Amino acid sequence: RSRSFSARPQYRESFVTRRSMDQRGRLRAPGNPSTRDTPKAAAVRIDDTPSRILESAGEVFAQQGFRGATVREICRRAEVNLAAVNYHFGDKQALYLETVTQAHRTLVEQVPMPAWPPETPPEERLHGLLLTLLTRMLSHTQSWERRLMMREVMEPTEACRRLVQDYFQPHFELLQEILGELLPDDTPDYL
């Protein structure tokens, strides 16, 4: 038998199939044929990974706490490789801090602080501040963000210091300012 040679290399069917080759005979990228060829679709998939990790981490941390949660479980729920947490966040502690930060950001966006004009009476500002804070904490929806924030307050971790600094301290200072306007000048300052 004589063999014919062609310019295109011959591959065994089990190694590379015709479906994995483009029209010019080059190998195609693996993955979903409808999305693999567009750079924008690839970028969406890549950028989606940290979001999926954060969402899964929030659910796991809210249910099990920092100590009970495992990176393996978070990655399983996010449907990502175990190394993705280290790649995007560094380690479990950094992921937890980012998850708590995201939970705080989401709650603030859902129930924003009222914008008061300068002439707003202190009674009205106090009412608005307390209503906002209580709504954030006690809303009927039991999202993982709310459960995680409550868990962090009840079982503080390293993230609690960040929460106090970024979340509680500014609200406490606002509360002090409002109360300072409401209370008589001769009220002792205990704080």
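## A buried isoleucine

Ile74 counts as buried because its relative accessibility is 0%, and buried here means under 20% relative accessible area, with exposed meaning over 50% and partly exposed in between (1.4 Å probe, protein chains only). The residue belongs to helix H2, residues 71–78. Helices (H or I, at least four residues) and strands (E, at least two) are DSSP runs numbered from the N terminus.

The model is predicted: local features need pLDDT of at least 70, side-chain atom pairs count only at pLDDT 80 or more, and totals for chains, interfaces and linings use all residues. Residues are numbered from 1 along each chain as its sequence is written, and side-chain values use heavy atoms, with hydrogens and water left out.

## The chain as a whole

The protein chain has seven helices and zero strands, which gives the pattern α-α-α-α-α-α-α when read along the sequence. Of its 191 residues, 30% count as buried. The chain exposes about 13600 Å², and carbon and sulfur atoms supply 55% of that area; accessible areas come from the Shrake-Rupley method with a 1.4 Å probe, and for residues only the protein chains shown count as cover.

A contact is a case of heavy atoms within 4.5 Å. Among contacts in the protein chain with a separation of 6 or more, 59% involve residues 24 or more positions apart.

In H2, the buried residues include Glu73, Ile74, Cys75 and Ala78. Just after H2, Glu79 takes a positive phi of about 55 degrees. Apart from neighbours within four places in sequence, Ile74 is in contact with Ile53, Ser56, Ala57, Val60, Phe61 and Leu95. The C-alpha atoms of Ile74 and Lys92 are separated by 10.0 Å, and these two residues are 18 residues apart along the chain.

Val85 lies in helix H3, residues 83–89. Val85 is buried because its relative accessible area is 0%.

## The nonpolar core

In soluble globular proteins, nonpolar side chains tend to be buried together. A nonpolar core is a set of buried Ala, Val, Leu, Ile, Met, Phe, Trp, Tyr and Cys residues joined through side-chain atoms within 4.5 Å. The largest such core holds 31 residues, of which Ile53, Phe61, Leu95 and Leu148 touch the most other members. Each of H1, H2, H3, H4, H5, H6 and H7 supplies at least two residues of this core, and the largest share, seven residues, comes from H1.

Ile53 touches Ile74, Ala78, Val80, Ala84, Val85, His88, Phe89 and Leu95, not counting residues up to four places away in sequence. Ile74 and Val85 are therefore both among the residues in contact with Ile53, and both count as buried at 0%.

## Aromatic rings

Rings of Phe, Tyr and Trp (its six-membered ring) pair if their centres lie within 6.5 Å; planes under 30 degrees apart count as stacked, over 60 as edge-to-face and the rest as tilted. A search of the whole structure finds four aromatic pairs. One of them is the edge-to-face pair of Phe61 and Tyr96, at 4.8 Å centre to centre and with 90 degrees between the planes. This pair links distant parts of the chain, 35 residues apart: Phe61 is in helix H1 (residues 39–68) and Tyr96 in helix H4 (residues 92–110).

Phe61 is buried because its relative accessible area is 0%, and Tyr96 is buried at 1%. Ring pairs link Phe61, Phe66 and Tyr96 into a cluster. The charged end of Lys92 sits over the ring of Phe66, 4.7 Å from its centre; a charge sits over a ring if NZ of Lys or CZ of Arg is within 6 Å of the ring centre and within 35 degrees of the ring normal.

## Two buried threonines

Thr157 is found in the loop between helix H6 (144–154) and helix H7 (158–182). Thr157 counts as buried because its relative accessibility is 18%. Not counting residues up to four places away in sequence, Thr157 touches Phe66, Arg67, Tyr96 and Glu152.

Thr132 lies in helix H5, residues 122–138, and counts as buried at 6% relative accessibility. Its side chain reaches the backbone oxygen of Gly128 at 2.7 Å. Beyond residues up to four places away in sequence, Thr132 touches Val111, Pro112, Met113 and Pro114.

Note on methods:
Polar contact = N/O pair within 3.5 Å; in protein donor to acceptor, adjacent residues only side chain to side chain.
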